[in-house]
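Here is my note on the structure, as numbered points. Please read it with the model open.

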Amino acid sequence: MLGLGFMTFAFFLGAGNIIFPPLAGMFAGQSVLPAMLGFLTTAVGLPLLGLFAVARAGGGIPEMTKPLAAWVGVVLSVAIYTIIGPLIAAPRTALVAFELGYQPFYASAEGSQVVYSAVFFSVATALALYPGKLMDSVGKILTPLLIILLLTLSATVLLGDAGDLKLPVKGYESAPYVTGFIEGYNTMDALASIMFGMLIIDILKKKGVTAPSAQYRYLVVAAVIAALGLAAVYISLFYLGANNAELVPDAQNGGAILSAYVQQQFGLTGSLVLAGVITLACLTTAVGLISACSDYFNSLLPRVSYRAFVFLNALVCIAIANLDLSKLIGLSIPVLVASYPIAIALIIYSLVKGHLATPHMTLIAVLVVSTLFGFVEGSKVAGVEMSWLAFLPFFDVGMAWVSPIAIVISASIFIRLFKISPVTEVKA
């Protein structure tokens with residue numbers, strides 16, 4: 001169980017988990033606590049619920065959307081796997097590892113990004129080719145080393161002298177919790193939780209754990225271990241950014257703040273340790289993403305082997321990983337803002353399905369509403385004029401989807417409660 005939990009933690013702890021919290025902490029400043037709580041809600045709470053939902057449904061999106069036609073689950077799965085895999089999340093792991101774990105030492109090496117991404121994904125491919133051994137290679141070898149390095153960094157942040165907190169900026173001055181909540185989208189972990197949940201169940205089957213009740217127990221324990229580990233990392237990185245804003249006042253991503261802090265505290269030795277932390281964290285996540293995507297697409301197209309999909313995913317990742325990190329982040333934000341309401345709605349539906357009056361109709365309504373409002377929010381972030389919808393609750397803070405989804409699910413629960421009479425309860 002510890003090996004499985006460590007593996008799950010390592011899969012989640014990747015590029016976004018390291019570069020976004022310090023930047024959010026810097027922007028939040030004096031509002032760091034509510035901002036951090038908002039971030040923890042989406043970056044820890046939702047992935048935890050996502051793994052619970054997969055465990056409860058006995059599988060990923062195909063099981064969650066079972067009341068509907070099979071193509072609905074396929075479309076949703078392909079979209080999420082593409083976003084979280086070769087399109088955004090997986091290439092970002094190599095970009096972050098390159099900029100924080102390699103470039104500080106070899107800044108002038110021409111063409112090195114292409115070579116680095118090729119080597120990075122070659123290693124990730126070698127590990128992903130043997131999914132049955134992932135728990136042994138990642139959970140029992142790489143993650144313990146990663147945890148030791150992270151504990152060293154976290155201790156210096158939490159036990160060191162606190163700097164002067166700056167005034168909050170960029171939305172954190174008026175709505176720090178909500179801004180932190182939306183910033184947590186960037187980790188992509190709520191989307192990844194559905195993927196990793198399916199991968200973990202597949203790994204358990206390969207380990208001989210075939211009973212659904214046993215799979216549920218293992219998955220829940222793994223989820224809790226991963227959530228506790230992620231929370232510890234985020235809290236230390238948030239305070240690092242808030243207390244050291246003066247190091248890089250014009251930082252474009254949290255990686256610059258983290259690098260400057262480590263260089264100031266530990267010099268070259270610290271920079272080498274940070275390079276190890278970043279590289280290991282990004283590599284383990286890349287392995288998990290490539291393996292999960294390849295496993296799903298292999299199940300969808302069994303004539304194409306799992307190994308072929310691993311190589312194909314790796315090649316696409318190498319191509320996209322040669323973009324600039326800030327540019328890739330900028331391109332990904334509208335996509336994430338549009339897709340997150342769908343993932344959140346699906347997770348909540350799966351958890352409360354047994355309390356709904358008409359699960360089939362409720363699922364249709366939840367997916368339609370979340371897709372519509374996700375499109376609205378994504379378009380707004382992309383720069384499309386949407387002020388004519390300003391009358392919607394929470395529209396100004398980017399969460400117009402909350403009320404409609406809450407109304408749909410609450411109405412279904414309410415209807416079911418009114419259909420249960422005392423006589424029925426006695427007979428039951």
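1. Twelve of the 13 residues of helix 6 are buried, so this helix is largely enclosed by the rest of the structure. Buried means under 20% relative accessible area, exposed over 50%, and partly exposed in between (1.4 Å probe, protein chains only). Among the buried residues of helix 6 are Pro91, Arg92, Phe98 and Gly101. Helices are DSSP runs (H or I, at least four residues), numbered from the N terminus.

2. A word on the basis. This is a predicted model: local features need pLDDT of at least 70, side-chain atom pairs count only at pLDDT 80 or more, and totals for chains, interfaces and linings use all residues. Residues are numbered from 1 along each chain as its sequence is written, and side-chain values use heavy atoms, leaving out hydrogens and water.

3. The expected span is 1.5 Å times one less than the number of residues.

4. Helix 10 (residues 189-206) reaches 24 Å from first C-alpha to last, close to the 26 Å expected. Helix 10 is mostly covered, with 15 of its 18 residues buried. Just after helix 10, glycine 208 takes a positive phi of about 95°.

5. How many salt bridges are there? The count comes to three. A salt bridge here is a side-chain nitrogen of Lys or Arg within 4 Å of a carboxyl oxygen of Asp or Glu.

6. In helix 10, aspartate 202 and lysine 206 are four residues apart, about one helical turn. Their side chains meet in a salt bridge at 2.7 Å, N to O. Aspartate 202 is buried at 17%, while lysine 206 is partly exposed at 46%.

7. Helix 15 (residues 359-381) holds glutamate 377 and lysine 380, three residues apart. They form a salt bridge at 3.3 Å, N to O. Glutamate 377 is buried, with a relative accessible area of 1%; lysine 380 is partly exposed at 24%.

8. Lysine 66 and glutamate 63 make a salt bridge at 3.4 Å, N to O. Lysine 66 is exposed at 56%. Glutamate 63 is partly exposed at 29%.

9. The largest nonpolar core has 147 residues, of which Leu13, Phe120, Phe121 and Ile278 touch the most other members. Helix 12 (residues 254-300) gives the largest share of this core, 19 residues. Such a core is a set of buried Ala, Val, Leu, Ile, Met, Phe, Trp, Tyr and Cys residues joined through side-chain atoms within 4.5 Å.

Definitions and conventions:
Helix = DSSP H or I, 4+ residues; strand = E, 2+ residues; numbered from the N terminus.
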